[in-house]
Amino acid sequence: MGRRRKRLSVLGSTGSIGVNTVEVACAFPDRFEIIGLAAGRNVDRLRDQIVKVKPRCVAVQDRKTALALKKLLPAGLSKLEILWGQEGCCRVADHHEVDMVVSAIVGAAGLLPTLAAVKAGKDIALANKETLVIAGEVVTRSLQATGARLLPVDSEHSAIFQALQGNARSAVKRLLLTASGGPFFGKTVQELASVTPQEALRHPNWSMGPKITVDSATLMNKGLEVIEAHWLFGVPVDQIAVHIHPESIVHSMVEYVDGSVIAQLGMPDMKIPIAYALSYPERLPLEAPRLDLFALRSLTFYPPDLETFPCLNLAYRAARAGGTMPAVLNAANEAAVEAFLSGRLAFTDIPRLIAQVMDAHGVGPADTVERIQAADCWARREAKRVLNGSAPESKGQELSV
């Protein structure tokens, strides 16, 4: 008798991770069935995915998008349940038929659907790092209560997860996260002052969405990953180091107390960590590019330039402050990246805006979703105030929830 297929919901299905997840699942139809899809407003791509995988339910950004999607669907799919908004996304996440949820929505918007899945006892393949960055305490508590598993999809955290297999956590000395350095590795502050959004979006190794690509260029992505690694693996932030590795072949490493360092290597292809999360503890025979060690001229590693790329330091600062500060860091960064992409903020002003918002924040506990959301909303308003040059609000006034 064959095994039962693992039933999936994919949140953020039309983004880079979501598209790759659907492709991996479709490559192994005997192993996976997609029950639910959640997306934003890309109805053309979502329609193609619906026709391909025939899910039970989908969710989109709003009612208008839902109506537009319904008009695009062929008659044979008229029974598909089309939901919208945050509530609809949460229903796709906690659907009673689903075994695992792939959380790939970009930004803080992924928190509530991911929490809904955790509370329903679903395993999570986590690509939305912001969920743990802003609500690590809440998510960890919910995981412990339900017994749901969190399996990392980010290539760096997947590498650490693999390098930890078979070893006691007490034997870990440090986690060594690698970073490509993004498109501006080696540049000076003066050279960065005039870079355009188009230049920031030209990542040398990875194909990603615009927000995460800009985060890679500022090194904020690596800072968020430091905080995520802290919650995923229970390692203190000051035992998590970052190494710039332009080749993106060593995806991350674990240093042990005896001096051994275990690394995970592979070509920069997101299907590899996605497949490992979906099939863990098994490995799927992917048709992926193979790493040819003989073809490599060298593997290089550099310390991060924290003066030129201060976002990484801001993330460490937020992690050490704890409480609501990581949520404020993340919200201010989302606002700053949006302003940069729309031409309202210079690239080098991204960390300055984030620092100003953090400086204005009165840290509070992050032990409930309501407190986290209040901090997030306050930080976005404060970032808007700084961008507009308006008068400041009272320091941290939203945190009395």
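The model is predicted. Helix α6, spanning residues 130–146, packs against helix α11, residues 220–233, with the two axes 8 Å apart, and α6 is also among the elements that cover the buried residues of helix α10.

**Packing of α6 and α11**

- The two helices meet at an angle of about 20 degrees, and since angles under 35 degrees count as roughly parallel, α6 and α11 are therefore roughly parallel to each other.
- In passing α11, helix α6 makes a left-handed crossing.
- On the α6 side the contact is made by E130, L132, V133, G136, E137 and T140, while α11 contributes L224, I227, E228, W231 and L232.

- Helix α10, residues 210–218, is mostly covered, with 7 of its 9 residues buried; the buried residues are K211, T213, V214, D215, S216, A217 and T218.
- The cover over these buried residues includes α6 and α11, together with α9 (197–200), α13 (311–321), α14 (325–341) and α15 (350–359).
- L219, which follows α10, has a positive phi, near 75 degrees.

**Strands β5 and β6**

- Strand β5, residues 100–103, pairs with β6 in the parallel sense over 4 bridges, and S103 stands opposite L126 in β6.
- Both faces of β6, residues 123–126, are covered, as D123 and A125 on one side and I124 and L126 on the other are all buried.
- This arrangement can be read against a general rule: in a regular strand the side chains alternate between the two faces of the sheet.

- Although G182 and A200 are 18 residues apart in sequence, their C-alpha atoms are 8.3 Å apart in space.
- Q162 has its place in helix α7, residues 155–164, and is likewise buried, with a relative accessible area of 15%.
- Not counting residues up to four places away in sequence, Q162 touches Q264, Y276 and R283.

Terms used:
Residues are numbered from 1 along each chain as its sequence is written. This is a predicted model: local features need pLDDT of at least 70, side-chain atom pairs count only at pLDDT 80 or more; totals for chains, interfaces and linings use all residues. Side-chain values use heavy atoms; hydrogens and water are left out. Axes are lines fitted to C-alpha atoms, for helices over the stretch in contact, and angles run from 0 to 180 degrees between N-to-C directions. Angles under 35 degrees count as roughly parallel, over 145 as roughly antiparallel, 65 to 115 as roughly perpendicular and the rest as oblique. A crossing is left-handed if the near helix is turned anticlockwise from the far one by less than a right angle, and right-handed if clockwise. Contact means heavy atoms within 4.5 Å. Buried means under 20% relative accessible area, exposed over 50%, partly exposed in between (1.4 Å probe, protein chains only). Two strands pair if DSSP finds at least two bridges between them.
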